[in-house]
Amino acid sequence: MKILGIETSCDETGIAIYDSEQGIIADALYSQVELHEEYGGVVPELASRDHVRKAIPLIKQVLIEANCTKDDIDAIAYTKGPGLIGALFVGVGVGRSLAYAWDIPAIGVHHMEGHLLAPLLEDDKPDYPFVALLVSGGHTLLVDVQGLGEYQILGESIDDAAGEAFDKTAKIMGLGYPGGPALAKQAERGRAGIYKLPRPMTDRPGLDFSFSGLKTAVATLYNKSDKSEQELADIAYAFQEAVVDTIFIKCRRALEQTGHKRLVVAGGVSANTVLRQKLTQLLESKGGQAYYPRPKFCTDNGAMIAYAGYARYQAALNGRGEFEEPAICAKPRWPIEDL
Ligand code: KG4
Ligand code: ZN
């Protein structure tokens, strides 16, 4: 069975084909970074228009890459939400219309479920149950995952998401957009122990996060600094260390609370190598294992949507879950526990 996946929830047009026998057989990604760079963040209307330009050419491209025609595709999965409403509507409209024209089912996928399932595309994949840490530009969630669609949120950010904190802090430090990778790069040359930033909400019980205070703390440091390369690197180091430590403490708590020995880490910030190292060590020390998507499937992509669509399609065929009405519907807000 082959599923075409379409991701257009934010600033990346991601298209891929998942084959139930062979895994991902083609994937293409068009990043709009250059388009939004001069504005220092995503401009929703520009994002929507660019998805319109790129979606169909990329679908043609992956069909060629996979050596397929439309007749080989068994179903279409598209991101239904959460995300930017205009951007979502492009993928929803294209996905539903093609499915109607090709007379095959269309499956609306939850973007965060896509991230959550992305590590299942790897050879070394986790069994259920596990704790999932979802760290992206829009969400920070700790989830107790018992099975497909069996999600209980253990903790979430009460203000900025982890990726958002990286992006806003990078902006304050003049590192451009998107800030996460740029800030992580700066931190590589930073020295330990020069600056110490707080680990928000770790001094009290619970699994919620708060990252917005960190950017204010960085702004104070940055304004007082001499803006030399070394000082920027030291500040970036302290910021990254604070975010990674905070996430580490909350993951340790979530594992203790649930008793799970597996941690799945996904979403854009899971590309961060320092975070990956620390969480891998944590799980090793507990006799468990941490699982990640390969780096290119950490950030938004079509492969995770194609795979999540496949998982949902299989569940519906087996009487677990229903096929949707063929309505064009996108959900900019959509709690993952509603699945
Ligand atoms: O999952 P994603 O592609 O989009 C959303 O669903 O939001 O995540 C994008 C976020 C951005 O905030 C970006 O700065 C962050 O992931 N990010 C990183 C790294 N790579 C991407 N943050 C820290 N370190 C990285 N290496
Ligand atoms: Zn995402």
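The legends below describe close-up views of a predicted model.

**View 1. Packing of helix H5 against helix H7.** Helix H5 spans residues 162-172 and helix H7 spans residues 212-224. Their axes lie 10 Å apart and form an angle of about 20 degrees. Because angles under 35 degrees count as roughly parallel, H5 and H7 are roughly parallel to each other. The crossing of H5 and H7 is right-handed. On the H5 side the contact involves Lys168, Thr169 and Ile172, which meet Lys215, Val218, Ala219 and Tyr222 of H7. By class, the residues of this contact are 4 nonpolar, 1 polar and 2 charged.

**View 2. Packing of helix H7 against helix H8.** Helix H8 covers residues 229-258 and packs with H7 at an angle of about 165 degrees, the axes being 11 Å apart. Since an angle over 145 degrees counts as roughly antiparallel, H7 and H8 are roughly antiparallel to each other. The crossing of H7 and H8 is right-handed. H7 contributes Leu214, Val218, Leu221 and Tyr222 to the contact, and H8 contributes Leu232, Ile235, Phe239, Ala242 and Val243. The contact of H7 with H8 has 9 nonpolar residues, with no polar and no charged ones. Val218 and Tyr222 of H7 take part in the contact with H5 and also in the contact with H8.

**View 3. Surroundings of ligand 1.** There are 17 residues around ligand 1, and Gly137, Asp167, Gly268, Asn272 and Asp300 come nearest. A polar backbone atom of Gly137 is 2.8 Å from an oxygen atom of the ligand.

**View 4. Further polar contacts of ligand 1.** A polar side-chain atom of His115 lies 3.1 Å from an oxygen atom of ligand 1. For Gly163, a backbone N or O atom lies 3.1 Å from an oxygen atom of ligand 1.

Methods. Residues are numbered from 1 along each chain as its sequence is written. Chains are lettered from A and ligands numbered from 1 in the order in which they are written. This is a predicted model: local features need pLDDT of at least 70, side-chain atom pairs count only at pLDDT 80 or more; totals for chains, interfaces and linings use all residues. Side-chain values use heavy atoms; hydrogens and water are left out. Axes are lines fitted to C-alpha atoms, for helices over the stretch in contact, and angles run from 0 to 180 degrees between N-to-C directions. Helices (H or I, at least four residues) and strands (E, at least two) are DSSP runs, numbered from the N terminus. Angles under 35 degrees count as roughly parallel, over 145 as roughly antiparallel, 65 to 115 as roughly perpendicular and the rest as oblique. A crossing is left-handed if the near helix is turned anticlockwise from the far one by less than a right angle, and right-handed if clockwise. Contact means heavy atoms within 4.5 Å. Ala, Val, Leu, Ile, Met, Phe, Trp, Tyr, Cys and Pro count as nonpolar, Asp, Glu, Lys and Arg as charged, and the others, Gly among them, as polar. A residue is near a molecule or strand if one of its heavy atoms lies within 4 Å of it. A polar contact is a pair of N or O atoms within 3.5 Å; within protein, one must be able to donate a hydrogen and the other to accept it, and residues adjacent in sequence count only if both atoms are side-chain atoms.
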